[in-house]
Amino acid sequence: MKKQFAIIGLGRFGVSVSTELHKLGHEVLAVDINETKVNEMVNDSTYSSVADGADEKSLRSLGITNFDHVIVAIGDNIQASILCTLLLKEMGIESVWVKAQNYYHHKVLDKIGADKIIHPEHDMGNRIAQHLVSDKVIDYIELSDDFSIAEIAAPSFMNQKSLIDLDIRAKFGVTILGLKRGKQFNISPRAEDEIQANDILIVIGHKNDLKRFEENT
Ligand code: ATP
């Protein structure tokens with residue numbers, strides 16, 4: 001289903017989110033206070049507009065209230081990022097996701113009702129570090145301080161064994177959410193599904209349990 005997104009702030013992060021959403025076929029409004037940045041996005045967005053995201057009148061004139069999802073990707077100007085988020089929430093935008101620069105910025109965004117706070121550098125650093133230290137971990141997404149999802153190459157001893165035989169939840173406290181086999185994706189696999197060589201397991205669990213699973217399989 002086609003969705004509508006507005007991206008405010010066209011630094012590297014904002015541009016990358018806008019471009020990808022546009023490629024996926026969604027309607028994207030790309031906004032920046034800097035005209036050059038807006039002109040660069042003409043081909044990678046549905047609409048692009050020069051506006052100050054920290055100014056209520058400018059936001060309203062963009063018709064921002066027609067968007068269900070707004071991403072605030074204003075970086076260094078923390079004051080503008082906070083004000084923009086506050087205005088968007090006051091206008092009743094249902095889903096406001098904001099890029100945070102640091103811990104204090106995050107705390108304020110949380111207090112004023114940002115629906116999701118993103119730390120791209122931290123999240124990507126984390127994923128790459130997990131990948132670097134283990135040849136089994138293919139990808140790693142932090143869900144909270146305690147819980148994560150990891151993509152782990154299925155170890156050879158699991159070959160031809162069903163999930164029920166392996167009893168992974170009882171042994172390691174983690175749950176297999178999905179199995180990737182080449183281009184095929186089996187979400188919520190059944191207990192009798194068998195693991196094959198080169199399968200990739202999508203595993204969710206407490207970080208300590210995921211580590212134990214990865215080290216002992
Ligand atoms: P990235 O790491 O994603 O490149 P950054 O953290 O370096 O971003 P900035 O470059 O500081 O972030 O800001 C991102 C964009 O936000 C810039 O293009 C800037 O012009 C724009 N911006 C700053 N203030 C406003 C504002 N009040 N309204 C709209 N856009 C703004």
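User: So a polar contact is a pair of N or O atoms within 3.5 Å (within protein, one must be able to donate a hydrogen and the other to accept it, and neighbours in sequence count only through two side-chain atoms); how far is the polar side-chain atom of Lys99 from an oxygen atom of the ligand?

Analyst: The distance from that Lys99 atom to a ligand oxygen is 2.8 Å. Please keep in mind that this is a predicted model, where local features need pLDDT of at least 70 and side-chain atom pairs 80 or more, while totals for chains, interfaces and linings use all residues. Residues are numbered from 1 along each chain, and side-chain values use heavy atoms, without hydrogens or water.

User: Which residues come nearest?

Analyst: There are 19 residues around the ligand (a heavy atom within 4 Å), and those that come nearest are Arg12, Phe13, Asp32, Asp52 and Lys99.

User: Changing topic, how is the chain divided?

Analyst: An automatic or database assignment gives domain 1, residues 4-118, and domain 2, residues 123-215. Taken over C-alpha atoms, the centres of domain 1 and domain 2 are 34 Å apart.

User: Where is the largest pocket?

Analyst: A pocket is an open set of 1 Å grid points that a 1.4 Å probe fits, with protein on both sides within 12 Å along at least five of seven lines, and lining residues have an atom within 4 Å of a point. The largest pocket has 29 lining residues, and Lys116, Ile117, Ile118, His119 and Asp123 are the ones nearest its centre.

User: What gives the most to that lining?

Analyst: Helix H6 does, with six residues; helices (at least four residues) and strands (at least two) are DSSP runs numbered from the N terminus. Among the other elements that supply at least two residues are helix H1 (12-23) and helix H5 (103-111). Domain 1 and domain 2 each provide at least three residues of this lining.

User: What about the second largest pocket?

Analyst: That one is lined by 24 residues, with Gly9, Gly11, Ala73, Ile74 and Gly75 closest to its centre. H1, strand E2 (27-32) and H6 each give two or more residues to its lining, and the largest share, three residues, comes from H1.

User: You mentioned H5; what caps its N-terminal end?

Analyst: Asn102 does, through a side-chain oxygen that lies 3.1 Å from the backbone nitrogen of Tyr104. H5 is followed by Gly113, whose phi is positive, near 100 degrees.
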